[in-house]
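Here are my notes on this model, as numbered points. Please read them with the structure open.

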Amino acid sequence: MLLTLQRVAVSAVALSLLAGCGHTAARSGFIPNSVPMLKAKGDEDTSEYKAQGFALSQYGSVKVEAVEIGKIEELRGNPEEFEKMRARFQASLQAALEKSGGKGDRVLIVRGSITAFKPNKPLLNVAPQTQIMKRGYGYAACEIFATDGPGGKVVAAWMNTQDTQRFGAEKLSEFGTIEKACDTWGPAFRKFLEN
């Protein structure tokens, strides 16, 4: 009886640990390796860097370069989805940064990339009992950096991974997690630049 209770307790602990696990994508190399990224305070899924003395108001304008897509094996053979997600992230960055900047002729050049992605498996995300192991959950990761003019030094960098959330609607579609991430990355990067 005692042995059975111990097994049940160990199984319960293992399941709770697995249920709490998130995914944090590794640095892909899109942000230059010379940039010293540090974990954001209070957010294990975000890393950041800002050059000493950086202020968004130092730049008269902000130019967002074309967003890139990393080598994402999960979307092999689906170029339409690649383009939709790339365009969505591009629109998010541009909308968030279009009215940025202060006075002067300095230009902040922003480059972004979707660096990792795993699609959801919606059929595994319908019933609560199928969500315990999060087998149907996906994630999306990005890296963004800004330089002082074209070819200038990196003055700010930010990377983030977003997991499918248990109580979110994004789990009900294959690309829901990356769509949500693409929409939120632009405003989050803007907020990071302003703080």
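1. Start with strand E7, residues 154-163. In this predicted model, 10 of the 10 residues of E7 are buried, so the strand is largely enclosed by the rest of the structure. Buried means under 20% relative accessible area, exposed over 50%, and partly exposed in between, with a 1.4 Å probe and protein chains only. Strands here are DSSP runs of at least two residues (E), helices runs of at least four (H or I), numbered from the N terminus.

2. What pairs with E7? Strand E2 (residues 43-50) runs antiparallel to E7 and is joined to it by five bridges. Strand E6 (residues 139-148) also pairs with E7 in the antiparallel sense, over nine bridges. Pairing requires at least two DSSP bridges between two strands. Trp 158 in E7 stands opposite Glu 48, and Trp 158 is also the bridge partner of Ile 144.

3. Now the hairpin of E6 and E7. Five residues lie between the strands, and Gly 149 takes a positive phi near 80 degrees. Thr 147 sits in strand E6. Is Thr 147 buried or exposed? Thr 147 counts as buried, because its relative accessibility is 8%. Its side chain reaches the backbone oxygen of Gly 149 at 2.9 Å. Beyond its neighbours within four places in sequence, Thr 147 is in contact with residues including Val 107, Leu 108, Ile 109 and Val 155. Contact means heavy atoms within 4.5 Å.

4. Aromatic pairs: the count comes to six. Phe 30 and Phe 145 form a tilted pair, 5.3 Å centre to centre with 55 degrees between the planes. The pair links distant parts of the chain, 115 residues apart: Phe 30 is in the loop between helix H1 (2-20) and strand E1 (38-40), and Phe 145 is in strand E6. Both Phe 30 and Phe 145 are buried. The rule takes rings of Phe, Tyr and Trp (its six-membered ring) with centres within 6.5 Å; planes under 30 degrees apart are stacked, over 60 edge-to-face, and the rest tilted.

5. Trp 158 returns here. Trp 158, Phe 189 and Phe 192 form one aromatic cluster. Lys 50 lies over the face of Phe 192, at 4.5 Å from the ring centre. Arg 106 lies over the face of Tyr 59, at 4.7 Å from the ring centre. For such a placement, NZ of Lys or CZ of Arg must be within 6 Å of the ring centre and within 35 degrees of the ring normal.

6. Glu 65 is in the loop between strand E3 (61-64) and strand E4 (68-69). At 27% relative accessibility, Glu 65 counts as partly exposed. The side chains of Glu 65 and Lys 63 are joined by a polar contact of 3.4 Å. A polar contact is a pair of N or O atoms within 3.5 Å; within protein, one must be able to donate a hydrogen and the other to accept it, and residues adjacent in sequence count only if both atoms are side-chain atoms. Not counting residues up to four places away in sequence, Glu 65 touches Gln 90, Ile 109, Val 110 and Arg 111.

7. Overall, the protein chain has three helices and seven strands. Their order from the N terminus is α-β-β-β-β-α-β-β-β-α. Buried residues make up 41% of the 195 residues.

8. On method: residues are numbered from 1 along each chain as its sequence is written, and side-chain values use heavy atoms, leaving out hydrogens and water. Local features need pLDDT of at least 70 and side-chain atom pairs pLDDT 80 or more, while totals for chains, interfaces and linings use all residues.
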